[in-house]
Amino acid sequence: MSIRLLIMGLALACVAIMGGPNAAQAQQGPLRIEITEGVIEPLPFAVPSFQPESGAAGQMAVDLARVVSEDLTGTGLFREIPASAFISTVSDFNAPIQYADWKAINAQALVTGAVNVSGNSLNVKFRLYDVFSGAELGSGLQFSGTVDGWRRMAHKVADAVYSRITGEGGYFDSRVVYVSETGPKDNRSKRLAIMDYDGANVQYLTDSSSIVLAPRFSPTGDRVLYTSYESGFPRIYVLDIGSVSRRVLESAEGTMSFAPRFSPSGETVVYSLAQGGNTDIYTMDIGSGQSVRLTNTPSIETAPSFSPDGSRIVFESDRSGTQQLYIMPVTGGEATRISFGSGRYGTPVWSPRGDLVAFTKQNAGRFHIGVMRLDGSEERLLTASFLDEGPTWAPNGRVIMFARETQGAGGSSSLFSVDISGRNLKKVPTPEGGSDPSWSPLQK
Amino acid sequence: MKRILTSTILIATLAVSACTNPSRFGADGSGSGSGAAGAGAGAGNIVPGSANDPTSTAYFQQAIGDRVLFEVDQSTLTPTGRTTLDGQAAWLATNTDYQAVIEGHADEQGTREYNLALGERRANSAREYLVSKGIAGSRLRVVSYGKERPIEICSEEACYTKNRRAVTVLAGGLTS
């Protein structure tokens, strides 16, 4: 509640994903959730169970529709109309839609689908209808894959629906790598885990025999950079997700390396190296192992993140006396400070759209996840709590995931997501505690 | 003769620092045994490797004091910290079989990466002080745990003050 009030109090004058058109607008134009300012009214939609087109597809037809619905409602932009309210049934994927029956229950969007299962192969088709216009929105699509990848097919359907209605890219067919945590604050075990964006299909990538921190996806989602203490000292490792094999990247004697991130090309790593009481930022060519020092000051420079075009790096530095955010060219050189509000700013992450930087802010004993433009203007705080930190962007740059640690001796860490308007704050389910999330690109 | 002299000086150091910073021995209350350790050493009633053996790791931890504490977001040594490190330097100068890893730590009030860097600063402050007192840098490594390894878990200054620390962890030695 305090978060909501705080956001409202900032009188945002910026981009926000808002509710759908009212019924009158919908009757005049195509179905669309516009990115505007205004009161949220989630767009009502219906997703009847998909049509099983083979004997083995019955349960799959139900499950697919459920996941599509959960993806859409999970954004906070859509509201599902329960099946108990349906007047029509959809008994044939190719039969004409009885628009009047869906209008009568105010379903502005209708998603229909069909499923065919043959052995281990799965075929999913869907159509999206703009009920109040009485027309199909876009063409029907179909996806083929394997039965055990059925949730991805549902996510792809939901991504297409989301994209057609909002005009934004989707983000449901994506994964998150994070640190899974158990135990109290003074004896916490950490191991790397990977899951679907919604918390399904968790797999562990390391054991918990040494501290692991801050995994970061490669631009193609095939590798993860992370920091591990398995040598006794923090070192950067690169892990191949397919084979779950890893190798150390940086291990100069007498130093600590941490806070790695990939460049957009996936060929370079930017990271921090601490030596002799001083932490600076370096880049390393992964192939050759050659490093270049980008900063050279007695202050702490860390948490670097590339711009999507690879030309600049945003990072934090306490060169002014407290942690603040700066942008410098990828070759190093003069940095421009971008954060000027009260408090301390850290962990900047460049939006995949290139327009915003997400950050962690500490002010007056509270932690916030926020976003600002590249010149530091239009700062917006999206959350507030005892300890929020470590934002990561959804592939479409519209949602941020982060970790929230609770206060006190019994405190624990969990993953949360929030959209960039500050709405739809919610916990991301994980089997254990979670921290340091990194969101993958959209899967191919 | 030299050994005895050093022990006497260290016990005097202990008496001073124990008054100014009784909490520095850590969460387990092991500091309470340090007086007995000093008395035992003085009486010559020494069990090798135990806290009353002045060459032992236990003695270093309990009688000398293995850690120094820092103010919020600071890596500058406090007067109490320098006194503790004077004792560590004297001990390391005598017990040359030992090497040490100095572990830097931060409280939970900070972002993860910054706290890693801050912990490294703290550990390095302690290391540089020991080097300035004549300990070979090759015997002293540093590592930062940032906020990953608190010893106290409440979210209050009473705990944070003990978590903002640099701990000298001995390795090697004849009795370890």
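User: Hi! Before we start, what counts as a contact here?
Analyst: Two residues are in contact if their C-beta atoms, placed from the backbone, lie within 7 Å. This is a predicted model, where local features need pLDDT of at least 70, side-chain atom pairs count only at pLDDT 80 or more, and totals for chains, interfaces and linings use all residues. Residues are numbered from 1 along each chain as its sequence is written, while chains are lettered from A and ligands numbered from 1 in the order in which they are written.

User: Great. Which residues of α4(B) meet α5(B)?
Analyst: B:R82, B:L85, B:Q88, B:A89 and B:L92 do, and their partners in α5(B) are B:A126, B:Y129 and B:L130. Helices are DSSP runs of H or I with at least four residues, strands are E runs of at least two, and both are numbered from the N terminus.

User: And at what angle do α4 and α5 of chain B pack?
Analyst: About 55°, with the axes 9 Å apart. Axes are lines fitted to C-alpha atoms, for helices over the stretch in contact, and angles run from 0 to 180 degrees between N-to-C directions.

User: Switching topic: how many residues of chain A touch chain B?
Analyst: 33 residues of chain A are in contact with 21 residues of chain B. On the chain A side, β15(A) gives the largest share, three residues.

User: What's the strand order in the open sheet of chain A?
Analyst: The order is β19-β20-β21-β22, with antiparallel pairing; two strands pair if DSSP finds at least two bridges between them. The edge strands are β19 (301–306) and β22 (336–337).

User: What stands opposite A:Y326?
Analyst: That's A:R337, in β22(A). Strands β21(A) and β22(A) pair over two bridges.
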